[in-house]
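Grab a pencil and work through these exercises with the model open beside you. Try each task before you read its solution.

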Amino acid sequence: MKYQYIQVTKPNLNVWQITLSSPPDNRLTPELLIEFSKALDQVEFEWRENGGGKINPKDRENLKGKGSGALIVTSNQEKFFSNGLDWERSLKIKNFFEEIFDPVTWRLLTFPLLTIAAINGHAFAGGMILALCCDYRIITSGKGFLCMNEIQFGSPLPNSFNALLSLRIPNPKHHRDTLLARRWTQNELLEIGIIDEIVDQDKVVGKALEVGIRDGGKVAAGSWGAIKRGAYHQVLEYSQSYRKLNLPPQEEIEFYDRVGKAGNKAKL
């Protein structure tokens, strides 16, 4: 299958790779997300054809892949894994997160194969969320900040983002600092458990491949996706709540509607 914004390859018999290929910084546009979703379906189909998901080991033993399966998610841009969403464009699309972005990230978060983010550049906002949806994270020792920078451009966090960040970063101090747009360095990420390993830039994908080959057999019986759906159900529930998110102008309107105005002095 041909794609415009991503590439799908197979570096090993039981390891697939989705490479974000949307210069200059891999913005997660609706078009890229649609392709990403189709690519996930392609990978799962091929995995199942290789024996993945067959609960009885005897049904897998004579098949080419014996059910082992892992997926690497990475980028072909030297500086960015992903710089997040096209924010202004996403605001113009009704229910963008609930109906376009979240279904793709939920699919990745609960994917039945082992998933490894090979973070070979910066991952900001939605790009950081994409990385956090994977089971393992390998990061470059070069340019590679992780940052939720929504506060810097006046955006609230989507419901699903809040749920995922609470699960992945349970420490209150680390969670607070993340919401305040801290640019986490590689060593800091390793220390707080967000990253599994730091390697040189040219070894990121190779290390991810090693992990996929090493641990991919654990998912052969087909329950990994269901296990993750149970573990991360809160993310889906938050997304499907359709809870209203206020932008700063709406926050201002609601404030003055509540307290009123008297020149420059609010009526309290």
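Before you start, sort residues like this: Ala, Val, Leu, Ile, Met, Phe, Trp, Tyr, Cys and Pro count as nonpolar, Asp, Glu, Lys and Arg as charged, and the others, Gly among them, as polar. You're looking at a predicted model, where local features need pLDDT of at least 70 and side-chain atom pairs count only at pLDDT 80 or more, while totals for chains, interfaces and linings use all residues. Residues are numbered from 1 along each chain as its sequence is written, and side-chain values use heavy atoms, with hydrogens and water left out.

**Exercise 1. Describe the largest pocket and its lining.**

Step 1: Know the term. On a 1 Å grid over the protein atoms alone, a pocket is an open set of points with protein on both sides within 12 Å along at least five of seven lines, and lining residues have an atom within 4 Å of a point.

Step 2: Get the volume, meaning the space filled by probe spheres set on the points. For the largest pocket that's about 610 Å³. Its lining has 30 residues, and Ser90, Leu91, Phe97, Pro156 and Leu245 are the closest to the centre.

Step 3: Sort the lining by class: 14 nonpolar, ten polar and six charged residues.

Step 4: Find the helices (DSSP runs of H or I, at least four residues, numbered from the N terminus). H2 (87–91), H3 and H5 each supply at least two lining residues, and H3 gives the largest share, with four.

**Exercise 2. Work out why helix H5 (residues 159–168) is described as largely enclosed.**

Step 1: Count buried residues (under 20% relative accessible area, with a 1.4 Å probe and protein chains only). Seven of the ten in H5 are buried, so the rest of the structure largely encloses this helix.

Step 2: Name them: Asn159, Ser160, Phe161, Ala163, Leu164, Leu165 and Arg168.

Step 3: Look for their neighbours, where contact means heavy atoms within 4.5 Å. These buried residues pack against helices H3 (96–109), H4 (126–132), H6 (172–179) and H10 (233–240), plus strand S7 (136–140).

Key
Buried < 20%, exposed > 50% of the residue type's maximum accessible area, 1.4 Å probe, protein only. 1 Å grid on protein atoms, 1.4 Å probe; cavity = no way out; pocket = protein on both sides within 12 Å on 5 of 7 lines; lining within 4 Å.
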